[in-house]
Amino acid sequence: VQLVESGGGLVQAGDSLRLSCAASGGTFSSYTMGWFRQAAGKEREFVTTISRSASSTYYADFVKGRFTISRDNAKNTVYLQMNSLKPEDTAVYYCAASTPWKGGSAYYYRALGDYDYWGQGTQVTVSS
């Protein structure tokens, strides 16, 4: 499975960005998908996840109400709409695919170890 992120860039605080992650080489609809981020000098952290059918989503507290994850299984793509961006959102954003079945709730897919495949990341920089 190959994952390719796009859509990152340099924006100002309060702006919006939409990240995309295109998957190939597997059965996209059978993967729980997640977004993680890693700021310079920090560990990679969970941002959000979406279940296979998109019926369930879960967000880290620091993005609730600002970020929205969605997916289009016909296009093998997962999206991350980021609104009201803050300087502290600056990081490399990674999408990831999880193949094991841990249940239908996205809540169960919050750990890095839950994911088998990772993209190369896309840089998001938010200036103040």
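Guide: Counting rings of Phe, Tyr and Trp (its six-membered ring) as paired if their centres lie within 6.5 Å, you get seven aromatic pairs here. Take Phe36 and Phe46 to begin with: their centres are 5.7 Å apart with 75° between the planes, which is edge-to-face (planes over 60 degrees apart; under 30 would be stacked, and the rest tilted). That pair links distant parts of the chain, with Phe36 in strand S4 (residues 32-38) and Phe46 in strand S5 (residues 45-50), ten residues apart. Strands here are DSSP runs of E of at least two residues, numbered from the N terminus. Phe36 counts as buried because its relative accessibility is 0%, and Phe46, at 12%, counts as buried too (buried is under 20% relative accessible area, exposed over 50%, partly exposed in between, with a 1.4 Å probe and protein chains only).

Before going on, a word on what you're looking at. This is a predicted model, where local features need pLDDT of at least 70 and side-chain atom pairs count only at pLDDT 80 or more, while totals for chains, interfaces and linings use all residues. Residues are numbered from 1 along each chain as its sequence is written, and side-chain values use heavy atoms, with hydrogens and water left out.

Tyr58 belongs to strand S6 (residues 57-59) and Tyr107 to the loop between S9 and strand S10 (117-118), so the pair ties together parts 49 residues apart in sequence. Tyr58 has 25% relative accessibility, so it counts as partly exposed, and Tyr107, at 37%, counts as partly exposed as well.

Tyr107 has something else going on: the charged end of Arg110 sits over its ring, 3.8 Å from the centre (the rule is NZ of Lys or CZ of Arg within 6 Å of the ring centre and within 35 degrees of the ring normal). Over at Tyr79, the charged end of Arg18 sits over the ring, 4.0 Å from its centre.

Now put the rings together. Ring pairs link Phe36, Phe46, Tyr58 and Tyr107 into a cluster that also includes Tyr108, Tyr115 and Trp118.

Methods: Helices (H or I, at least four residues) and strands (E, at least two) are DSSP runs, numbered from the N terminus.
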